[in-house]
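Keep the sequence at hand as you read.

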Amino acid sequence: MPAPDRPWDEIVPGLWMGGHEFGPAAGRLEFAVVRDEFDLVQTLLRLPGHGPDEGVEHHVWPIPDGPLDGTQLAGVIRLARAASEALDGGRKVLVRCYHGYNRSGLVVAHTLMRRGRSAEDAIRLIRSRRSPWALHNDLFVAYLRAGLPTVRQLEELAE
C-alpha cells in the first residue's frame with residue numbers, strides 16, 4: 001500500500017469520494033454543493049439543490065445503506081465501470097452519498113478493484129484517505145470481499 005502521507009489524488013488521480021455535508025474547522029456542518037468541479041458526478045442519495053450544474057454528466061442511482069438486491073448491485077457495478085472508464089479518459093469523478101462513507105465507499109472500492117486493487121487494499125486505502133469511519137457497514141465490506149458480481153448472482157438466485 002502507498003505511504004499514508006500521500007494525497008489521494010496522487011494515488012488515484014481524478015477520483016473523489018464525498019457526501020452532501022461537510023464540517024469546516026468551526027464545527028458547523030455546511031452543505032457540499034457541486035457545481036462544475038467534476039466531469040462526472042455519481043449520486044447514490046440525491047438531495048435537491050446539491051448540484052451538479054447543468055451540462056455535467058450526472059448518474060443517479062439511489063441505494064439504501066443496507067442490504068442490496070440484484071438490481072441495486074447491478075447499478076453499483078455499472079457506476080464503478082463508468083467511473084473507471086471516466087478515469088481512463090482523464091476525467092474528474094465524484095462519487096457521493098449522504099455522509100460519504102458507505103454507499104460511496106462501495107462504489108469507489110469496486111472502482112479500485114476494477115483497476116487492480118484487492119478488496120482489502122481498496123478498503124484500507126479508502127479508510128486512510130476518507131475517514132476511519134468509511135465503509136463501516138459490515139455488509140458492504142462482506143460484499144467487497146466476496147466480489148460484487150458473485151454477490152449479485154447469489155442475490156438474484158435468492159429472488
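Four strands make an open sheet, in the order β1-β6-β4-β5, with parallel pairing. Strands (E, at least two residues) and helices (H or I, at least four) are DSSP runs, numbered from the N terminus. Two strands pair if DSSP finds at least two bridges between them. The edge strands are β1 (15-18) and β5; each pairs on one side only. On average, neighbouring strands of this sheet are turned by 15 degrees against each other, direction ignored.

This is a predicted model: local features need pLDDT of at least 70, side-chain atom pairs count only at pLDDT 80 or more, and totals for chains, interfaces and linings use all residues. Residues are numbered from 1 along each chain as its sequence is written, and side-chain values use heavy atoms, with hydrogens and water left out.

Now look inside the sheet. Four bridges join β4 to β6 (residues 93-96), and the two run parallel. Here L40 stands opposite V93 in β6. Helix α3 (residues 103-114) packs on the sheet and touches β1, β4 and β6. Contact means heavy atoms within 4.5 Å. The direction of α3 makes about 160 degrees with that of β1. Such axes are lines fitted to C-alpha atoms, for helices over the stretch in contact, and angles run from 0 to 180 degrees between N-to-C directions.

Next comes helix α5 (residues 138-146). Which of its residues are buried? They are F140, V141, Y143 and L144. They cover an arc of only 155 degrees around the axis, so they sit on the same side of α5. The arc is that of the directions from the helix axis to the C-beta atoms. On the other side, D138 and R145 are exposed. Buried means under 20% relative accessible area, exposed over 50%, and partly exposed in between (1.4 Å probe, protein chains only). The buried residues of α5 pack against α2 (70-88), α3, α4 (119-129) and α6 (148-158). After α5 comes G147, with a positive phi near 100 degrees.

In soluble globular proteins, nonpolar side chains tend to be buried together. The largest nonpolar core here has 36 residues. Such a core is a set of buried Ala, Val, Leu, Ile, Met, Phe, Trp, Tyr and Cys residues joined through side-chain atoms within 4.5 Å. L15, L68, V93, L112, I126 and L135 have the most contacts inside the largest core. α2 gives the most to this core, with seven residues. A second, separate core of five residues includes V34, V41, V56 and L94.
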